[in-house]
Amino acid sequence: DNFFLILIYLIPPLILTGPFLPDLFLSILSLSFLIYIFVKKKFYLLNLRFSKFFLLFYLYLIFSSFLSSDILYSLRDSLFYIRYLFFTLAIYYLAKKFVFFPINFGYILLFCAVLLAFDIVFESIFGHNIFGWERLNGYRVSSFFGDELIAGSVLQRLAVACICLLISFYKLDLKKYFIYFSLLILFSIVVYLTGERVAFFNMLIFICLFTFILFRLSFLRIAPFILIYPIILIINKLFPYVNHRMSTLLDIQLSKTSFPFLPYTLSHEYIYTSALKMFFDNFLFGVGPNLFSVKCSISKYFVEFGCSTHAHNYYIHLLAETGIIGFLFLFLFFLFVAIKILFKFLSNYNLFNIKFISISTTIFYCYYFIEFFPIKPSGNFFANHLNVMIYIPMGFLLYFHYKSEDS
């Protein structure tokens, strides 16, 4: 058990090194925990509703790969996707067994988020990060990630995950609210500084959910935005390149192609159009996991500027690569999360006699609401560095979900 604890504690700091090391440690942990389940006969973990749902989705991914035109290439993404199940179950198991584990993990996430935020601010001011690595992009900061412009999205996920854990283990009084409130504002401002529009949009959505779920008083709900707005105006004056990039946050353009869609930018629309062509041509099963980047150059799916490594939206990505069936797995999960959050909101106001839903589970549902919010761009659904951060909170969500059911 200590071996599992050490591996999991190391993953958040390793996230700051790039995608390779956290995924390596996750894979080692997953394989070790799979063996542990069979040796210790912990088969109840595979009988959880989440495990059954995940396994069904995983088997479908394998099935979709075998139907594709390039089975081996497609299996690169689908075959090893199972590792995220055992990673999630390991976190759930350790949270149940060790009372100190979730809160310790929350502080590790907080430390990593603060370190990353500090480095982003440092690089914005001095043009290089704390290790002396020069800014490569010219105007956008990358912090520890070199030529990968993902510092804002990584910070957003680390920040939201640590707030979720800390809220879950401390009774929320006015003092605690002020602390979390301040952290959310500070992290949101630093995310804005990176120029990553989606990450900043996610932070705003989380703050809305955070305040509307926890507080009925209207002034507490609008206070974060009253504080954030003038600080953003100052940032725009000090860093004009951030203002230029972030000013397109709400720059939605009407479709000019044959598949109407409201994209984030016109470049996203080209990619979405190519992906939707794949979907309509392979309605049920898609072209196969990992094959969007291969198929987008084929003439019947080709759209000028429409090729990329992925479809830049989870749902359109799954429609293209796994068809309507694969899409429904994610959409149903998002619908489940949205309903749970709605029920919590209703229970706060004693409407329709909805049973009280715990803050701990609801706040983690908020994490997945913003992660899988349909109408926004996203990363590659199968990317390892992204899935590390997606499945870390899932283990804790399971822990609080089943804990509230048992109580």
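What volume does the second largest pocket have? Everything here comes from a predicted model, in which local features need pLDDT of at least 70 and side-chain atom pairs count only at pLDDT 80 or more, while totals for chains, interfaces and linings use all residues. Residues are numbered from 1 along each chain as its sequence is written, and side-chain values use heavy atoms, with hydrogens and water left out.

**Legend 1. A look into the largest pocket, at about 900 Å³.** A pocket here is an open set of points on a 1 Å grid over the protein atoms alone, with protein on both sides within 12 Å along at least five of seven lines; a cavity is a set where a 1.4 Å probe fits but cannot get out, and lining residues have an atom within 4 Å of a point. Points are joined across faces, edges and corners, and a volume is the space filled by probe spheres set on them. The largest pocket has 32 lining residues, with Ile150, His310, His312, Ser378 and Gly379 nearest its centre. Helices α7, α9 (197-214) and α16 each bring at least two residues to this lining (helices are DSSP runs of H or I, at least four residues, and strands runs of E, at least two, numbered from the N terminus). By class, the lining splits into 11 nonpolar, 14 polar and 7 charged residues. Here Ala, Val, Leu, Ile, Met, Phe, Trp, Tyr, Cys and Pro count as nonpolar, Asp, Glu, Lys and Arg as charged, and the others, Gly among them, as polar.

**Legend 2. The second largest pocket, with a volume of about 520 Å³.** Its lining is made of 20 residues, and Phe50, Phe53, Phe333, Phe336 and Met394 sit closest to the centre. At least two residues each come from α3 (49-67), α14 (314-348) and α16, with α16 giving the largest share, 6 residues. This lining has 18 nonpolar residues, plus 1 polar and 1 charged.

Legend 3. Around it are Ile15, Gly18, Pro19, Pro22, Phe145, Ile150, Val154, His385, Val388 and Met389. Helix α16 (residues 384-406) supplies the largest share of that lining, 3 residues. The class tally is 8 nonpolar, 2 polar and no charged residues.

**Legend 4. The second largest cavity, holding about 40 Å³ of space.** Its lining consists of Ile15, Leu109, Arg157, Leu158, Ala161, Tyr367, Met389 and Ile392. Both α7 (151-169) and α16 put in at least two residues, and α7 has the largest share, with 3. Of these lining residues, 7 are nonpolar, none is polar and 1 is charged.

**Legend 5. Helix α1 (residues 2-15) packed against helix α2 (residues 20-39), with axes that come within 9 Å and cross at roughly 160 degrees.** Axes are lines fitted to C-alpha atoms, for helices over the stretch in contact, and angles run from 0 to 180 degrees between N-to-C directions. The pair is therefore roughly antiparallel, a label for angles over 145 degrees. The crossing of α1 and α2 is left-handed, meaning that the near helix is turned anticlockwise from the far one by less than a right angle. In α1, Phe3, Phe4, Leu7, Ile8, Leu10, Ile11, Leu14 and Ile15 meet Leu21, Pro22, Phe25, Leu26, Ile28, Leu29, Ser32, Phe33 and Tyr36 of α2, where contact means heavy atoms within 4.5 Å. This contact includes 16 nonpolar residues, 1 polar and no charged.

Terms used: Parallel < 35°, antiparallel > 145°, perpendicular 65-115°, else oblique.
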